[in-house]
Amino acid sequence: MAWFLVPGKKLKDHLNFHFKLLFLESILLSWIRAEDKEICLPPLGCFSTAEPFSHLPLPYRREDVNTRFHLRTRENPYEDHELRAGDVAALQKSNYVSNVTTYFGIHGFSGFDPHVPWREEFFERLLNRENANVIFVSWIEGSLTGLNPAQAAANVRVAAAELAYFCKWLQNITDVSLQSFHIVGFSFGAQIAGLAGAQLPGLGRITGLDPAAMYFAESPPEARLDPTDAEFVDIIHTDAEMLGGMGPSGMSPVGHVDFYPNGGTNQPGCESFLGDLLTFCDHRKSIYYFYGSLDSQNPPLRSYRCDSHERFLAGTCMSCRANRCRNMGIDATRVPRKKHVKMYLHTTAEEPYRVYHYSVRIHFRRGRGSGYRRRHEGRREGRLFVTLHGKNGTSQELPLNSGEPVTMVPGHHVRFLVTSPDRLGRLHSVTFRWDDSESASQNDGFSLWDLWGKRRKRDLRGDDAVFEAFVRKYGDVIADVTSGDEARMRKYTRPRGVKRNDSNKLMALQAVLQVYHPFISLKLQDKGSIWNTTSKIDDSVDVTTRHDDVMHINGSKGGNKHHSRRHGEDGALLKITPRRRHRRSESNVMHVRKIRVKSGESQESLHFCADGREHRIPQIRKGESVRFSRCEG
C-alpha cells in the first residue's frame with residue numbers, strides 16, 4: 001500500500017476507484033434495507049419504490065427526517081424563530097412580514113457532519129441586502145446517512161413534501177402570493193426545491209446551487225429539478241466532473257438559465273485535488289458565488305450566452321445583443337420564452353469574484369517567404385501574451401489560450417478570451433508578445449514544397465558555397481551553383497497552352513552551374529547531352545555565363561536586385577539573373593497586421609495598429625514586446 005501515499009496519478013486512480021465502489025455499495029445497502037414497497041406519511045402522502053424512484057430505497061419517516069423551518073427577519077437577525085405548519089400561534093408571535101420577499105435556504109448531503117457552515121452567512125447576507133423573511137430549512141437528520149448517500153437522496157422526497165406542505169399552509173394563513181417565494185437550494189437541497197416546486201403552482205423562483213446529479217441525473221423531469229418547477233429557475237454549476245466524470249453535480253442544463261462559471265468544473269482557489277476531494281471546494285463555490293452577488297458593493301457577475309465553453313474561450317460569445325448577457329446570482333433574470341439557456345463567465349478565487357472579459361483577435365500578415373505557393377512555410381507555434389492599457393490602468397500580461405501553444409498562420413487570425421480582475425476603462429493601446437513553445441517542433445521554413453520543387457538543401461563541405469540563378473524568357477530554369485564547378489544554362493520556352501504558374505514548368509531543363517577560379521569557358525550538361533560553349537549572349541541560342549566569385553554573383557549580395565553584370569575575357573557583357581524566389585521566412589519572426597479587442601462590459605470594439613498606422617506592419621521577433629495603439633481614422 002506504499003504507492004497509495006504517492007501523490008499523482010496513482011493516488012487519483014485509487015481514490016476514483018474507491019469513490020465508484022462506495023457509490024455501488026450505497027445502492028446495494030439501500031436495496032437490502034428496502035423491505036417495504038411503500039410507506040405512507042400523512043398528511044404528506046405515500047412514497048413508494050415504483051418508477052421513477054425505483055433506483056432509491058424507501059425514505060425515512062417524518063420524525064426521522066425531522067424537517068424544521070427557522071425564520072429570521074431584520075427584527076430578529078441573530079435569533080431563530082421556529083415555525084411549524086399548523087402552528088398559527090408560533091407564526092403570530094414571530095416577526096414574519098407578509099408584504100416582502102420570503103427566501104428559503106436548503107442545505108445538502110451532510111454525511112457525518114451535522115454542521116452547516118454557510119447557514120449563518122445566508123441569514124446575514126440576505127438581511128443586509130433587503131428587508132425580507134429568511135427561512136432556513138433544516139433536514140439534518142435525513143441527510144446524516146454516512147456512507148449511504150442513496151438513503152439521503154430518498155429522504156429528499158420527504159423533505160420536499162414537508163416544504164411544499166409548509167408553503168401551502170403559510171400562503172393560506174398570510175394570504176401571500178407564491179410568486180414572492182424564492183427557494184435557494186444547494187446540492188440535494190436544490191432537488192428538494194425542485195420536487196417541492198412541482199407541488200406549488202405559481203412558485204416565484206428557484207435558484208439551484210450546483211444541484212446534485214447523483215441519483216437524479218437520469219430521472220424524468222417530474223422526479224428532479226426542472227424548469228417547470230417555478231416561474232424562473234436559475235442554476236449555478238461549479239463541480240460537474242470531480243472524479244472520472246462522476247461529480248456531485250452535472251453539466252446538463254436543468255433550468256431556464258444555467259450558469260457555468262469557469263466552465264462549470266474547476267474553480268479558482270480549488271486547485272488541490274486531494275483538498276477538493278475532502279472539502280468539496282468546487283462544489284461549495286456555487287454558494288459563495290451566490291453570496292458575492294448579494295453584496296450591493298460588489299460589481300455584478302456578468303455572464304455571456306454561448307453554445308459551449310470552447311466557443312466561449314475562443315472569444316466568440318461576447319455580445320449582449322438579444323438578451324445574450326446576464327448577471328449571475330441574485331440579480332439573474334429569465335430570457336423571455338427561453339429555457340436551458342447556457343451562460344458562461346470567468347471568476348477570480350476571492351470575493352468579489354468579478355473579472356472583466358475581453359475578446360482579443362490578432363491578424364497575422366504574410367511576410368516575405370510565405371507567399372503564393374508557400375503559405376504554409378510561415379507557420380509558427382508559440383505562446384501568445386497581451387497587456388491591455390486603459391484609461392484607469394494597465395493589466396498584467398495576459399496569456400492567450402490559457403497559456404497553451406497557438407499555431408500562427410500568415411494571412412489568418414486567432415481569437416481568444418482574456419480576463420482582467422481590474423476595471424481598465426476605455427483601452428488606448430495593447431502590447432503583444434510571443435515566445436517559444438516547449439512542445440512546438442522547430443520550424444526552419446523547410447517544407448514538402450522544397451522536395452517537390454527540387455530545392456533540396458545541400459550538404460556543403462569545406463569552403464563550398466551555393467547560389468541560385470535562372471534564365472527567364474518564357475519560364476524559369478533553376479540552377480544551384482556550387483563553387484568550383486561550371487555549367488551553361490539554356491533558356492526555357494513554356495509549352496503552348498501551359499500557364500506560367502503551372503507546375504509543369506518544373507519539368508524544365510535543370511542544370512548545375514559550376515564555377516571555376518579563374519575564368520574558363522562553361523558548358524551546360526544534362527543527363528542526355530552536352531551543349532557546346534558560346535562566347536557571347538544571343539537570345540536565339542543558349543546562354544553562357546562565366547564567373548569567378550560566387551558570393552559576388554549571388555543576387556543577395558551587391559548589385560541590382562534582379563541581375564548582376566560582369567565582363568568576360570573577350571569583353572562580352574555577361575548577364576546573371578538571380579532566381580526570383582521568396583526568401584525563407586525567419587523562424588523567430590511574425591508579422592502582426594492588426595489587433596482587435598472587444599470589451600465584454602462596454603461592448604466597445606477597438607482596433608489597434610503598430611504606431612497607430614494600418615500600413616505599419618512590424619516584424620515581431622520571438623520574446624519581443626511590441627505596443628499597438630488605436631488605429632488612426
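Over the ring of which residue does the charged end of Arg433 sit? In this predicted model, the ring is that of Phe385, and the charged end of Arg433 lies 4.4 Å from its centre.

Across the whole structure, 16 aromatic pairs were found. In one of them, the ring centres of Trp118 and Phe186 are 6.2 Å apart and the planes meet at 80 degrees; because this angle is over 60 degrees, the pair is classed as edge-to-face. The two residues come from distant parts of the chain, 68 residues apart: Trp118 belongs to the loop between strand E5 (102-106) and helix H4 (119-129), whereas Phe186 belongs to strand E7 (residues 181-186). Trp118 and Phe186 are both buried.

The rings of Phe166 and Trp169 have centres 5.9 Å apart and planes at 40 degrees, so this pair is tilted. Phe166 and Trp169 are three residues apart in helix H6 (residues 149-174), about one turn of the helix, and both are buried. Together with Phe69, Phe104 and Phe181, they form one aromatic cluster.

Helix H9 (residues 281-294) was considered separately. Its 14 residues should span 20 Å at 1.5 Å a residue, and the C-alpha atoms at its ends are 20 Å apart, in agreement with that expectation. Twelve of the 14 residues are buried, so H9 is largely enclosed by the rest of the structure.

Definitions and conventions:
Residues numbered from 1 in each chain as written. Predicted model: local features only at pLDDT ≥ 70, side-chain atom pairs only at ≥ 80, totals over all residues. Heavy atoms only, no water. Helix = DSSP H or I, 4+ residues; strand = E, 2+ residues; numbered from the N terminus. Expected span 1.5 Å × (residues − 1). Buried < 20%, exposed > 50% of the residue type's maximum accessible area, 1.4 Å probe, protein only. Phe/Tyr/Trp six-rings, centres within 6.5 Å; stacked < 30°, edge-to-face > 60°. Lys NZ or Arg CZ within 6 Å of the ring centre and 35° of its normal.
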